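I opened my notebook to get to know a new structure, one look-up at a time.

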Amino acid sequence: MTWRRVLLLSCLLATVLLAAENRQKLRADELRREHFEEQRNESENFVEEQNDEQDERSREAVEQWRQWHYDGLHPPYLYNRHHV
């Protein structure tokens with residue numbers, strides 16, 4: 001083999017190795033991105049669930065307050081009660 005063929009083959013091999021390395025890096029980045037997206041989705045779902053539970057507790061507390069203060073004469077609304 002001449003030195004030109006050796007040089008050409010070594011350049012070709014280097015190009016193939018760099019392409020393979022770049023594919024590995026891209027795949028690792030994709031996996032990392034998917035992992036963080038999954039973590040973010042889980043976190044958002046947890047926060048949404050916590051907010052829903054808090055809203056339900058607040059709604060129940062308001063409903064209990066309305067029932068306790070209902071005088072039977074007016075609709076049991078928060079702002080339609082008698083002040084004595």
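This is a predicted model: local features need pLDDT of at least 70, side-chain atom pairs count only at pLDDT 80 or more; totals for chains, interfaces and linings use all residues.

**Entry: arginine 32 and its partner.** I found arginine 32 partly exposed, because its relative accessible area is 45%. Next I asked which residue forms a salt bridge with arginine 32. The partner is aspartate 29, and the closest N and O atoms are 2.8 Å apart. I then looked up where the two sit: arginine 32 and aspartate 29 are 3 residues apart in helix H1, so about one helical turn separates them. Aspartate 29 also counts as partly exposed, because its relative accessibility is 35%.

**Entry: the whole chain.** I stepped back to see the overall picture. The protein chain has 1 helix and 0 strands. Helix H1 covers residues 3-69, and the chain has 84 residues. How much of the chain do buried residues make up? I read 0%. A residue needs under 20% relative accessible area to be called buried. The accessible surface of the chain comes to about 8,200 Å², and carbon and sulfur atoms own 57% of that surface.

Entry: I noted that the structure holds 4 salt bridges, the one between arginine 32 and aspartate 29 among them. Another joins the side chains of glutamate 21 and lysine 25, at 3.6 Å from N to O. Both of these residues lie in helix H1, 4 residues apart, which is about one turn of the helix. Are they buried, exposed or in between? Glutamate 21 is partly exposed, because its relative accessibility is 37%. Lysine 25 has a relative accessible area of 47%, so lysine 25 is partly exposed as well.

I also looked up arginine 59, whose side chain meets that of glutamate 56 in a salt bridge of 2.8 Å, N to O. Arginine 59 and glutamate 56 are 3 residues apart in helix H1, so I count about one helical turn between them. With 46% relative accessibility, arginine 59 counts as partly exposed. Glutamate 56 is partly exposed too, with a relative accessible area of 35%.

**Entry: a charged patch.** I wondered which residues gather in a patch of negative charge on the surface. My list reads Glu44, Glu48, Glu49, Asp52, Glu53 and Asp55. I checked one of them, aspartate 55, and found it in helix H1.

Entry: Leucine 9 has its place in helix H1. Why can leucine 9 be called partly exposed? Its relative accessible area is 45%, and partly exposed residues fall between the 20% limit for buried and the 50% limit for exposed.

Key. Residues are numbered from 1 along each chain as its sequence is written. Side-chain values use heavy atoms; hydrogens and water are left out. Patches are made of residues with over 30% relative accessible area and no salt bridge: like charges are joined within 9 Å, nonpolar side chains (Val, Leu, Ile, Met, Phe, Trp, Tyr) within 5 Å. Accessible areas come from the Shrake-Rupley method with a 1.4 Å probe; for residues, only the protein chains shown count as cover. Lys and Arg count as positive and Asp and Glu as negative; His and the chain ends are not counted. The place of a charge is taken as NZ of Lys, CZ of Arg, CG of Asp or CD of Glu. Buried means under 20% relative accessible area, exposed over 50%, partly exposed in between (1.4 Å probe, protein chains only).
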